[in-house]
Amino acid sequence: MRTGGCAPHRWPLWQLPRLLLGAVLLVEAVAVALLVGGFLTGPAPTAAELWAGGALCVLGIAYSEMAVGVERERRRLGGASYVDLSSVWTFAAVLVLPGAHAAVVAIVITLHLWVRAWRRWVPLHRQLFSVATVVLACIAVGALLESVGAQQKPLWLVLVAMVLFTAVNSGLIAAVVALSVPHAGPATLFGPPDENLLEVGMLCMGALTAIVLALNPVLLPLVLLPLYAVLRAALIRPLEAAASTDGKTGLLNAATWVAEAERIVGGADPADRAGGVLILDLDHFKAVNDTHGHAVGDHVLTAVADAVRRVVRAHDLVGRMGGEEFVVLPRRAAAGGRSVELDSVELEVVAERIRSRVADLRLEVPTLRGPLVIAGLTVSLGGAVAPAEGSDLAALLQTADSALYEAKRGGRNTVRIAVASGQPSSVPLAARGPGVPARAKD
């Protein structure tokens, strides 16, 4: 939700659970207190420090203006981004300025970038929390460097400062995410590995920028072009993700799911092969669109996709085949180095969990006429268990599709499981298109 133009007392911040709200407010209060304390108790900035801070602010804002289009695209494609590429200027400021003064540079640059590029995707209260974590990171590193007191900072000290900066900044954000998303995995808490690598690269660039600032400030503008090139390269991952995922649900799209599923089903290692496939179809979804409109229907599809994700395991393959149809490829488990076959009972248990989770959904969808509550959703599921000798993807989908027909004819909101033939399907998957066979919906 956006908070632009919304009074502070109406921010979604106040709707957070008490524990999470308390943690956010505590981090922000400590950041403000330490920042003010740093200015009140610390020495006044020298002319050289004022010049360095001003130069970093100007370069950071110039970088932001160069990168506005790319940053907007990153946010649009990637949604929640774990990397703030302006940290290059923030970390450079930490190495050449006292902690409180470096924090001011970080505040100016990050808030300017939020106004110019992130405001549409990042609510103000979330941005203020992110700024608070950066302020605390700057003050922590500043205290470290002051305690060492070295004029010429050795490599080990810069590396320790880098680790401390990352630990405070990322650690505080991860702690809040852990409070809001119970049982979150490392990727949810800290982001994917490639984004963490990019963050480390930006901190290294910050260290090099500080060196240039100390040796020959005239060369500082030369840093902008390499940074812009790195920023453009950072678009590659979200562009790849956008090409392989369904825009409404975030699941794999049909083409990507089929390609991945064919690779798994035809894999050489039996322990890595799929144990079966599930096809699920929302019952009477056309009535939702006809009654409430397609915008509400999109909310329903997103909620169902999230329900499926929460039921299956992280390494199972989940995709949207189009319309109101989804598909799941559960992977065989491994025990003691051997493959554990997935039988019809186990596949039915997974399907029943999905069916039950969807049936329990109660969605509150915002509309122009106020919140609309959607409940009573159901899905029909058809499953195919892969035989021990293996099967091709087309045969699995064909068997699961027939089982789904049976579930629909059996009254909907039910599960039917069949065992696929070990023989290749007589209908090549490519001839049927990227999805499963068409059927009469609802």
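Helix 3 and helix 8 cross in the right-handed sense. This is a predicted model, so everything I say is computed from it. Helix 3 covers residues 87–96 and helix 8 covers residues 193–215, and the two pack at an angle of about 45° with their axes 7 Å apart. Angles under 35 degrees would count as roughly parallel, and 65 to 115 as roughly perpendicular; helix 3 and helix 8 are therefore oblique to each other.

Which residues of the two helices make the contact? On helix 3 they are Ser87, Val88, Trp89, Phe91, Ala92, Leu95 and Val96. Helix 8 contributes Glu199, Met202, Leu203, Met205, Gly206, Ala207, Thr209, Ala210 and Leu213. By class, that contact holds 12 nonpolar residues, 3 polar and 1 charged.

Pro226 sits in helix 9, residues 224–233. Its relative accessibility is 38%, which means Pro226 counts as partly exposed.

Now the strands. Strand 6, residues 362–365, and strand 7, residues 372–375, are antiparallel partners, joined over 4 bridges. Within that pairing, Arg362 lies opposite Ala375 of strand 7. The two strands make a hairpin with 6 residues between them, and Gly370 in the turn has a positive phi of about 105°.

Technical notes:
Residues numbered from 1 in each chain as written. Predicted model: local features only at pLDDT ≥ 70, side-chain atom pairs only at ≥ 80, totals over all residues. Heavy atoms only, no water. Pairing = 2+ DSSP bridges. Axes fitted to C-alpha atoms, helices over the stretch in contact; angles between N-to-C directions. Parallel < 35°, antiparallel > 145°, perpendicular 65-115°, else oblique. Left-handed = near helix turned anticlockwise from the far one by under 90°. Contact = heavy atoms within 4.5 Å. Nonpolar A, V, L, I, M, F, W, Y, C, P; charged D, E, K, R; others polar. Buried < 20%, exposed > 50% of the residue type's maximum accessible area, 1.4 Å probe, protein only.
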